[in-house]
2 protein chains.
Amino acid sequence: MNDNTIPNLSVDCVIFGFDSEKLNVLLLERKLDAQNGETIFCDHTLVGHHVRTGETLDESAARILKETTGLSNIYLEQFYTFGNPDRLKKTRAKLWLESIGRNPETRVISIGYFSLVNVNSVHVSYTERHAKWFDLKEIDDLGFDHKEILNKALEALQTKIKTNPLAFELLPQKFTLSHLQKIYEVVLGIEIDKRNFRKKVSQVPYIVPLKEKQQKVSHKPAQLYMFSRDIFEATKKKDFNFSF
Amino acid sequence: MNDNTIPNLSVDCVIFGFDSEKLNVLLLERKLDAQNGETIFCDHTLVGHHVRTGETLDESAARILKETTGLSNIYLEQFYTFGNPDRLKKTRAKLWLESIGRNPETRVISIGYFSLVNVNSVHVSYTERHAKWFDLKEIDDLGFDHKEILNKALEALQTKIKTNPLAFELLPQKFTLSHLQKIYEVVLGIEIDKRNFRKKVSQVPYIVPLKEKQQKVSHKPAQLYMFSRDIFEATKKKDFNFSF
DNA sequence: ATTTTATTATGTTAAAATGACACTAAATAA
DNA sequence: TTATTTAGTGTCATTTTAACATAATAAAAT
């Protein structure tokens with residue numbers, strides 16, 4: 001490849017999207033056709049690309065996101081770097097790399113980022129790369145070592161969401177408490193008691209009720225809430241609790 | 001450089017060592033002398049080196065550790081990757097890289113690891129690279145972007161020690177509860193009540209008292225304890241608690 | 001031999017957080 | 001009008017946290 005990218009460095013991005021019910025991941029189709037038109041294989045991968053010479057790793061990740069979702073200024077976090085010498089040595093990976101003009105012998109290190117969005121903020125059909133949402137629980141295998149990257153991203157998300165206000169990144173600005181609760185349930189894989197959850201919410205000053213309710217739902221409409229980052233920043237205190 | 005290393009990839013390792021009182025970091029001296037013998041500058045850096053073509057990133061980090069401390073099989077964790085395009089562009093960095101035959105224009109990405117040892121397990125004078133322990137709190141600046149790397153490593157350590165049994169990696173096999181307590185105090189920068197701390201210890205089955213006491217201390221000798229990883233693994237349960 | 005010094009070891013109580021648990025209210029759809 | 005679906009609410013028992021002071025034991029100093 002003769003562009004302005006670094007041949008042995010890439011960034012892969014696990015884009016998590018919440019749809020009020022499930023946790024989803026944005027994936028690209030990876031389809032390789034033979035000369036005669038027959039499909040050699042067709043599977044899916046995370047979104048990623050090589051790092052450009054002048055850009056930081058964060059900028060590179062933000063660029064993927066912009067290209068894939070059209071979104072800027074969204075939550076992005078570097079979580080791990082994958083550098084196993086044989087990570088691109090599976091048959092399909094080699095065929096694919098050759099087909100796009102990359103040397104399959106190059107040892108590529110990939111820096112993993114994850115990002116958090118609400119699926120409704122992404123107009124997938126308008127994006128440059130035609131990515132699609134997949135239910136996280138239905139994803140079995142992925143191209144390259146991307147299943148491993150996805151697993152590690154989920155772990156990082158689970159760890160971080162326990163102590164940081166990440167859930168709000170997965171929600172629209174105005175949300176119901178049921179949706180907020182659902183996020184913790186699907187991300188952590190647990191069930192939460194509704195009343196205990198709401199008690200917890202009410203003890204926190206930065207989840208603020210709005211003077212607005214859900215519209216057009218065929219049941220009792222829920223109160224809408226928002227997250228105030230200002231209040232969060234102003235009131236947060238460090239938590240030094242530990243367990244062995 | 002014409003060895004079997006990858007020119008734009010390095011691993012830097014923050015080696016934390018506990019000495020019963022403080023948290024220390026193992027640093028190398030970086031001294032550049034002119035032809036006439038005058039010193040151009042002298043400062044300190046983390047230990048690190050370029051990744052070899054055939055080795056994984058973990059192996060590369062373990063190799064640094066072995067070369068610097070003589071130790072194998074010690075706690076090592078990848079915590080962040082540093083890839084700013086200008087991270088090696090400070091004057092001293094450029095002079096240094098030239099002096100060791102590296103091209104200062106190469107954009108080098110560094111994968112950061114931290115490791116945890118007890119200072120007494122390391123015979124620093126015997127090591128290949130003549131590293132020295134420095135009190136973490138006294139370290140002001142470091143060569144390259146290593147202060148930034150150190151800061152990030154400390155953050156990662158603080159986060160992880162709150163929920164994982166890392167403290168024992170900083171201790172000898174047999175330790176007193178005062179030393180265990182001290183680790184949490186110096187790593188997290190807090191003060192802990194002795195009685196509450198010991199109550200917490202006694203509720204945990206994998207911190208086990210030995211039939212042995214401290215020897216040759218000029219005060220009441222303390223009970224020695226050990227950490228049983230077997231019991232830890234057998235009894236640990238996942239903690240799904242969260243806060244917003 | 002006695003005293004000093006340094007550190008170990010130990011329990012109670014009040015306040016806060018957690019976890020278990022069941023019924024009524026409000027909107028649309030049938 | 002009734003059925004369906006989800007929202008919204010309080011109590012009590014248990015567990016966890018946080019604050020707090022004094023006696024015991026070893027070596028070192030006198």
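Predicted model: local features only at pLDDT ≥ 70, side-chain atom pairs only at ≥ 80, totals over all residues.
**Entry 1: a backbone contact to DNA strand C**

I opened with B:Gln223, where a polar backbone atom sits 2.8 Å from a phosphate oxygen of DNA strand C. Next I asked which elements give two or more residues to the surface near DNA strand C. They are helix 5 (194-202) of chain A and helix 5 of chain B. Helix 5 of chain B makes the largest contribution to that surface, with 4 residues.

B:Ser178 has a polar side-chain atom 2.8 Å from a phosphate oxygen of DNA strand C. A:Lys199 places a polar side-chain atom 2.8 Å from a base oxygen of DNA strand C.

For the DNA side, I took the atoms of DNA strand C within 4 Å of the protein: 43% of them belong to sugar or phosphate, and the rest belong to bases. For the protein side, I sorted the residues of the surface near DNA strand C into 9 charged, 6 polar and 4 nonpolar.

**Entry 2: over to DNA strand D**

How many residues surround DNA strand D? I got 19, and the closest are A:Ser178, A:Arg198, A:His219, A:Gln223 and B:Lys220. A:Ser178 brings a polar side-chain atom to 2.8 Å from a phosphate oxygen of DNA strand D. For A:Arg198, an N or O atom of the side chain is 2.3 Å from a phosphate oxygen of DNA strand D. I also found A:Lys199 here, with a side-chain N or O atom 3.4 Å from a base oxygen of DNA strand D.

Helix 5 of chain A and helix 5 of chain B each supply at least two residues of the surface near DNA strand D. Helix 5 of chain A gives the largest share of this surface, 4 residues. The residues of this surface split into 4 nonpolar, 6 polar and 9 charged. Of the DNA strand D atoms within 4 Å of the protein, 39% are in sugar or phosphate and the rest in bases.

**Entry 3: where the two protein chains meet**

I turned to the contact between the chains, which takes 45 residues from chain A and 45 residues from chain B. Between them, chain B and chain A bury about 3,400 Å², with 62% of that area on carbon and sulfur atoms. I looked for salt bridges across this interface, and the rule finds 0. For polar contacts, the rule finds 16 residue pairs across the interface, both residues at pLDDT 80 or more.

Which elements give two or more residues to the side of chain B that touches chain A? My list reads strand 1 (5-18), strand 4 (47-52), helix 1 (57-69), strand 5 (75-82), strand 6 (109-118), helix 4 (177-188) and helix 5 (194-202) of chain B. Strand 5 of chain B contributes the largest share, 4 residues.

I picked B:Ser115, which is in strand 6 of chain B. Is B:Ser115 buried or exposed? Its relative accessible area is 0%, so B:Ser115 is buried. Beyond its neighbours within four places in sequence, B:Ser115 is in contact with residues including B:Cys13, B:Ile15, B:Leu65 and B:Leu76.

I followed that up with B:Leu65, which lies in helix 1 of chain B. B:Leu65 has 1% relative accessibility and therefore counts as buried. B:Leu65 and B:Ser115 are 50 residues apart along the chain, yet their C-alpha atoms are separated by 8.4 Å. Again leaving aside neighbours within four places, the contacts of B:Leu65 include B:Gly70, B:Leu71, B:Ile74 and B:Ser115.

**Entry 4: a histidine in chain A**

My last stop was A:His49, in strand 4 (residues 47-52) of chain A. The relative accessible area of A:His49 is 13%; the cut-off for buried is under 20%, so A:His49 is buried.

What does the side chain of A:His49 reach at 3.1 Å? I found the backbone oxygen of A:Ser60 there. The A:His49 side chain also makes a polar contact with the side chain of A:Arg63, at 3.4 Å. Not counting residues up to four places away in sequence, A:His49 touches several others, among them A:Ser10, A:Val11, A:Ile64, A:Glu67 and A:Arg129.

Note on methods: Residues numbered from 1 in each chain as written. Chains lettered and ligands numbered in written order. Heavy atoms only, no water. Contact = heavy atoms within 4.5 Å. Buried area = accessible area lost by both parts, 1.4 Å probe. Salt bridge = Lys/Arg side-chain N within 4 Å of Asp/Glu carboxyl O. Polar contact = N/O pair within 3.5 Å; in protein donor to acceptor, adjacent residues only side chain to side chain. Buried < 20%, exposed > 50% of the residue type's maximum accessible area, 1.4 Å probe, protein only. Near = heavy atom within 4 Å. Nonpolar A, V, L, I, M, F, W, Y, C, P; charged D, E, K, R; others polar.
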